[in-house]
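Please look over the sequence and the structure shown below before reading on. The paragraphs that follow walk through the sheets, the domains, the helix packing and some backbone details.

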Amino acid sequence: MAIYFELEVRLLGKIIDGKLVAQHYTAEMKREVEALGSNHIVPTLAVIIVGEDDASKIYVRNKHRRAEGIGIHSINIRMPEETTQLALLERIDLLNSDPEVDGILVQLPLPEHINAQEVLNRINPDKDVDGFHPVNVGRLWSNNAQIVPSTPFGIMKMLAFYGVDPAGKQAVIIGRSTIVGRPMAAMLLNANATVTIAHSQTKNLRMLSQQADILVVAVGQSRFIKAEDIKPGAVVIDVGMNRDENHKLSGDVDFEAVIQKADLVTPVPGGVGPMTITMLMQQTINIAKRRALHAIQNK
Ligand SMILES: Nc1nc2c(c(=O)[nH]1)N[C@@H](CN(C=O)c1ccc(C(=O)N[C@@H](CCC(=O)O)C(=O)O)cc1)CN2
């Protein structure tokens, strides 16, 4: 019994608990919102959703609930599937010019007839709470970040919470998306890791993953990374969210096998996911803090 308990504690100690880290930051954010309130500033987040994508509707609802729970004013704007790109751009313009709106976010994916990049480019970079605007991408890559994509930002916060300093470490990221892989690479590089980005055309991908001290996997293939693909003692971050025919969620990492060999692993669900929305809230508050500072300076 005692041996079983010890084993369990050791195993549990290896899980990066995204919900726990999210709770820690949520408590801090509530205090920050209160402090802003005493300066008559209510952080405000506007979320636009176009169309009827079921997963997107759930994420947007969760964002709304999380925002309200922290004291952030949340404005949800629902636009029908047939919305034209022009109508969406005009809606963004209205939010850009509203001084009470701190963060603006357009939930992705957008319907196919809309050019997502043109839409993201229209958001005022200082209100671009997702950090997807080219100005924010440039700021991040020149190590002068202001607003950054929430998923990799959440991963950096989780690493820090668990005492993992990327400096001098070999970091391998599998996946080169603009939401996760690329900004993750920039953030790890800014934190002084040696960074490799691997993708679908990479030769000897598994040889690379075996050398990683920090392995971030965002490929969208259930259990793509097995125990033999990692270095003993690695920190493994699973960004995958794959659903099987019974709607059961799994990550890109074979969690049960990998946790036997790794030092730290994020589960799916309950790892990276909860941090995405948490960091979105944090960045809304950060933008509101800049608004408060401007208000004080202009008095
Ligand atoms: N404008 C944006 N669009 C999208 C983003 C984004 O960051 N900005 N990311 C994803 C969706 N997303 C947030 O929008 C998101 C995805 C997953 C989770 C999450 O908490 N996942 C849970 C599992 C949830 C489940 O059971 O389905 C977890 O991993 O534990 C939060 C946010 C695409 N679009």
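**Sheets, domains and helix contacts**

In this predicted model, an open sheet of 3 strands runs in the order β2-β1-β3 with parallel pairing, where strands (E, at least two residues) and helices (H or I, at least four residues) are DSSP runs numbered from the N terminus, and two strands pair if DSSP finds at least two bridges between them. Because β2 (73-79) and β3 (103-106) stand at the edges with a single partner strand each, one side of each is left without a neighbour in the sheet. Neighbouring strands of this sheet are turned against each other by 15° on average, direction ignored; axes here are lines fitted to C-alpha atoms, for helices over the stretch in contact, and angles run from 0 to 180 degrees between N-to-C directions. Strand β1 (residues 44-50) pairs with β2 in the parallel sense over 7 bridges, and Ile48 stands opposite Ile77 in β2.

Residues are numbered from 1 along each chain as its sequence is written. Since the model is predicted, local features need pLDDT of at least 70 and side-chain atom pairs count only at pLDDT 80 or more, while totals for chains, interfaces and linings use all residues.

The domain assignment, whose bounds come from an automatic or database source, gives domain 1 (39-124) and domain 2 (150-273). The C-alpha centres of domain 1 and domain 2 lie 29 Å apart.

Another open sheet, of 5 strands, has the order β5-β4-β6-β7-β10, again with parallel pairing. Here β5 (194-198) and β10 (264-265) are the edge strands, each with a single partner strand, so one side of each has no neighbour in the sheet. Within this sheet, strand β4 (residues 170-174) and strand β6 (residues 214-217) run parallel and are joined by 4 bridges, with Ile173 standing opposite Val216 in β6.

Turning to the helices, α2 (residues 18-37) packs against α11 (residues 272-297) at an angle of about 20°, with the axes 9 Å apart. That angle makes α2 roughly parallel to α11, since angles under 35 degrees count as roughly parallel, over 145 as roughly antiparallel, 65 to 115 as roughly perpendicular and the rest as oblique. The residues of the contact of α2 with α11 divide into 13 nonpolar, 5 polar and 3 charged (nonpolar: Ala, Val, Leu, Ile, Met, Phe, Trp, Tyr, Cys and Pro; charged: Asp, Glu, Lys and Arg; polar: the others, Gly among them).

Helix α7 (residues 150-161) also packs against α11, here at an angle of about 105° with the axes 7 Å apart, which means that α7 is roughly perpendicular to α11. By class, the contact of α7 with α11 has 7 nonpolar, 6 polar and 1 charged residues.

Some backbone details remain. Most residues other than glycine have a negative phi, and most peptide bonds are trans. Asn192, although not a glycine, has a positive phi of about 70°, and Asn192 is placed in the loop between α8 (181-190) and β5.
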